[in-house]
Amino acid sequence: MTKKFLFLAAIAVVAAPLALAGAGAGQASDVKYDAAALHQLFLHDECTGDYPPQPDTCLHRQLVEKTVSFGGKAGTVYDVHLRIRGIFEPTTIEGGEAPLADHPYYKVGGTVRARDWSSWRIEVAEPKQTYWLNHYPRVGHIIYNEDFEVTIPIAGGSAVAVRVTDGNDRQIDNNEPGKPDRMQIIKGVQDKPLAGQMLRLDVLGLKTK
């Protein structure tokens, strides 16, 4: 047996486990790829101007949104485990369900009742559903800092819209000093308070149903 043959055989033995490791890494990368459009998504409803009649509010756009396409295989539904962090004003959602006893501001389904207040949600095209993020029994000039986890079903290839809408042109401004609920940050995401309101999504896990 020649030295050249022995050398090539040794390469083949070493390469085999490396190929298997590569396949495993590829599967993990596929999972990350499937949810990449949602992972670390940040939506900022910025202030566009002052509103002197109510100094703790600011003018803003009445619709801010990002629509992404979820990855994965068509026809496959994934359970997507999300961490949701937001700095929001309250709205009120009529109907729907509040499946998390510790986080009643999270509602599945229903419609907006307090239309002159910002309503934050995730809308999944398939399976079609709306997930509201800032439902409260009463509205008011309050900024809530939310941090919670949910698992929602999303089909491969589905459109997912993350949006905030408001029935008027002003919002409660987080970047207004002098009140205990203002000047808040999303820890690990911002190092200083931002004006307006905001949302951050992180994908913590993904599996097929």
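## Questions about a predicted chain

Colleague: Which residue's side chain does His60 join through a polar contact of 2.9 Å?
Modeller: This is a predicted model, in which local features need pLDDT of at least 70, side-chain atom pairs count only at pLDDT 80 or more, and totals for chains, interfaces and linings use all residues. Residues are numbered from 1 along each chain as its sequence is written, and side-chain values use heavy atoms, with hydrogens and water left out. A polar contact is a pair of N or O atoms within 3.5 Å, where within protein one must be able to donate a hydrogen and the other to accept it, and residues adjacent in sequence count only if both atoms are side-chain atoms. At 2.9 Å, the side chain of His60 is joined in this way to that of Asp45.

Colleague: Is His60 buried or exposed?
Modeller: His60 lies in the loop between strand E3 (57-59) and strand E4 (63-69), strands being DSSP runs of at least two E residues, numbered from the N terminus, while helices are H or I runs of at least four. Buried means under 20% relative accessible area, exposed over 50%, and partly exposed in between, with a 1.4 Å probe and protein chains only. Because its relative accessibility is 6%, His60 counts as buried.

Colleague: Which residue in E14 is the bridge partner of Tyr78?
Modeller: Two strands pair if DSSP finds at least two bridges between them, and E5 and E14 pair in the antiparallel sense over 10 bridges. E14 also runs antiparallel to E1, to which five bridges join it. In E14, the partner of Tyr78 is Thr208.

Colleague: What percentage of contacts between residues at least 6 apart in sequence join residues at least 24 apart?
Modeller: The protein chain has one helix and 14 strands, and contact here means heavy atoms within 4.5 Å. Among the contacts between residues at least 6 apart in sequence, the share that joins residues at least 24 apart is 75%.
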